[in-house]
Every structure is written in structure tokens, then in C-alpha cells.
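Thank you all for coming; I would like to walk you slowly through one structure this morning.

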Amino acid sequence: MTAQVLDGKGLAGRIEHSLRDEVETFAGMFGRRPRLVVVLVGDMAASASYVKSKAAAATRVGIDSDVIAVPETATTAELVALVQAIAADQHGPADGILVQLPLPRHVDAVAVLDAVPPDRDVDGFHPENAGLLSQGRPRFIPCTAAGVQRMLIDAAIPTAGKHVVIVGRSDIVGKPLALLLAQRPPAGCPTDGGCDATVTICHSRSGDIGHFTRQADIVVAAVGRPRLITADMVRPGATVIDVGINRVDGKLIGDVDYGPVAEKAAWISPVPGGVGPMTVAMLIANTLLAAELRMKR
Ligand code: NDP
């Protein structure tokens, strides 16, 4: 079997296309464009590159964006004060506020993220948004989790009654994705895809990860270990989604041993070109949603 490729880049392009129309409608109604403000701390090349692609995507769909760059030496108090100033629109109207992670080690990341008002928290990391998601009434869904769910729905890969094994339990990927895929279908949802799954979460203390992944209809790798998921850990015909981003010898690779796993799986997402562009597209969708919610208040 050679797996079909889950083309996140192509799907993200289609999502951006429809968002562009919605942004034009918003601009026509309210006489301004949605606006995203990103805080970038320090000079990590990877963070700068992610921020650049987020700003470029915003521009493509007609959303205004601004990146506020702060030196590596910024303290927790300074960053909290900056986020509060952005939230008070002192840096222009800010419908969505995003603090690019990771923050330097000396900074209390939780304190900084908690300073983002929950109604502008387009990353979906604020406890209020995490709580809403866990109760099955999401507002801003963390972008990577939303992107993975959207990929499954778009490819009509069933999740109801299926076993999903997620490797990784972070607050930004593994946990919200588990909640999303295990939830009941949202009221009024036109599709029952992307929910009603039975979900297992693995992590660094799970022991033999393959014992779990071999039972899975859908494996999601969100770890940050190159080629952790090998072909012997995947059952024939499974769907394999690779969230991982690892830089090895100057190349980007995922957490999945792509070539051999693609010979066994029915569907596989590549790195790059899989989950990454979907994460950005979901951020843009959340920014438009934040702007719409703000205008309704
Ligand atoms: P974290 O480091 O926050 O979490 C990693 C998780 O993997 C933890 O739960 C950890 O377990 C678990 N883990 C570590 N080693 C193993 C192992 N050997 N076996 C099983 N589980 C293990 O990472 P993130 O969730 O933030 O990101 C994960 C990956 O996804 C990274 O490569 C990151 O770059 C990428 N990423 C990609 C995005 C995209 O858009 N494509 C967006 C966000 C992240 P424990 O909890 O026990 O420590």
C-alpha cells in the first residue's frame, strides 16, 4: 500500500481563499480590516520564520498584522505590561493577540499568556478557552489541533467509533486535539467528522508507544523527536498525521519515518506541507472570528 498524501498546504490555500471573501465582507460592513498583533521575543530563527509566515498569510487574506519585536532580555513584568498595552489597543486595534512561543527560559510563559484577554486569544491557550473546549463549547481552538481535525474532515477520514492514538500531551497540541476528536458532534454541525473518536494519549512515560499505536486507526505524532514513529508501529491502512517539526542537518523532518510508514498507511501527512500550513490557516480563521466577536459586543 502506498499512502495518499494529506496535502495540508493545498487545503490551507483553499481555506485562505474562502477566508479572503469573509474578510472582504467584514471590511465592507465595519469599514476596517481585522488586525492581528504578534509579540516576538528574542531572535530565534525558527520563531522569526513562523511569525513571518503567519504575517504573510494574514496579508494574503486581507487581514492587517503587526509584529512587535522585543529583545531576549525582556522580563516577565515587561512582557505582561506589553500584552496589557496591546490589549488596551495602545498599539492600534488588536482583534487577535499572539505571543510567539517558546519564550526565553527566564520568562514565566504562563503569566504572559494569561495576560492575553480570552476574547482575543487567537492561539486558544487562555484557561477560559481551554475550559470552553473541554466542555464541548469551543471558542478559539488551538490552531494545530483545529488544523489536524480539519484535515481529517476534509479527506473524509472517519473518526466516529475509531481509535485515535495521540503521541504527545502538550497543552497546545496533544491535549486539545484529544478533547476535540473525542467530543460529541457540535450542535448544528453539518458533518459528524472529526469527533466521536476513542482517544488514547501517549507521552514520555507511556513505555512501549508501539503497543498503543499499532492498535490505532489514526496515529497523531506530536512529540518533537525525528522519526520516532516507525513502520512497525503502524497498522496497515492506518492514517498517520505528523505534527512534529525537527531540524536535522539543515532539513525539516517530522516525527514519522515518512518513507517506510507511507508504504503501510492509507493516509499520511508530510513534513513540510502538512500540518504546518494548516496551523497558520486556523490562526487566520481565529483572527477573523475574534474580530467578528468584537464587533458583536
Ligand atoms: P512539547 O515538548 O510541549 O510536548 C512533547 C510531548 O511529547 C510531551 O507530552 C512529551 O511527554 C512527549 N514525548 C517526548 N518524548 C517522547 C517519547 N520518546 N515518547 C513518547 N512521548 C514523548 O511539544 P509540542 O506539543 O509543543 O510540539 C510537539 C512537536 O510538534 C514539536 O516538534 C513541535 O515543533 C511541533 N509543532 C508543530 C506545529 C505545526 O504547526 N506543525 C505546531 C506546534 C508544534 P511528557 O509530557 O511526558 O514530557
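This is a predicted model: local features need pLDDT of at least 70, side-chain atom pairs count only at pLDDT 80 or more; totals for chains, interfaces and linings use all residues.

Let me start with aspartate 66, which, at 28% relative accessibility, counts as partly exposed; here buried means under 20% relative accessible area, exposed means over 50%, and partly exposed is in between, with a 1.4 Å probe and protein chains only. Residues are numbered from 1 along each chain as its sequence is written, and side-chain values use heavy atoms, with hydrogens and water left out.

Which side chain does aspartate 66 meet in a salt bridge? The partner is arginine 35, at 3.3 Å from N to O, where a salt bridge is a side-chain nitrogen of Lys or Arg within 4 Å of a carboxyl oxygen of Asp or Glu. This pair links distant parts of the chain, since arginine 35 sits in strand β2 and aspartate 66 in strand β3, 31 residues apart; helices (H or I, at least four residues) and strands (E, at least two) are DSSP runs, numbered from the N terminus. Arginine 35, with a relative accessible area of 13%, is buried.

Those strands take us to the sheet, which is open, has three strands in the order β3-β2-β4, and is paired in parallel; two strands pair if DSSP finds at least two bridges between them. At its edges are β3 (64-70) and β4 (96-99), each of which pairs on one side only. On average, and with direction ignored, neighbouring strands of this sheet are turned by 15° against each other, the axes being lines fitted to C-alpha atoms, for helices over the stretch in contact, with angles running from 0 to 180 degrees between N-to-C directions. Strand β2, residues 35-41, pairs with β4 in the parallel sense over four bridges, and leucine 36 has glycine 96 as its bridge partner in β4.

Another of them joins arginine 120 and aspartate 89, at 3.2 Å from N to O. Arginine 120 lies in the loop between α4 (109-114) and α5 (127-134), and aspartate 89 in the loop between α3 (76-87) and β4, so the pair ties together parts that are 31 residues apart in sequence. Arginine 120 is buried at 10%, whereas aspartate 89 is partly exposed at 27%. Both belong to a network of salt bridges that links Arg32, Asp89, Asp95, Arg120 and Arg294.

Next comes helix α5, in which Asn129, Leu132 and Leu133 are buried. They cover an arc of only 100° around the axis, which puts them on the same side of α5; the arc is that of the directions from the helix axis to the C-beta atoms. The cover over the buried residues of α5 includes α7 (174-182).

Finally, alanine 160 is found in the loop between α6 (143-154) and β5 (163-167). Leaving aside neighbours within four places in sequence, alanine 160 is in contact with Cys195 and Asp196.

Key. Contact means heavy atoms within 4.5 Å.
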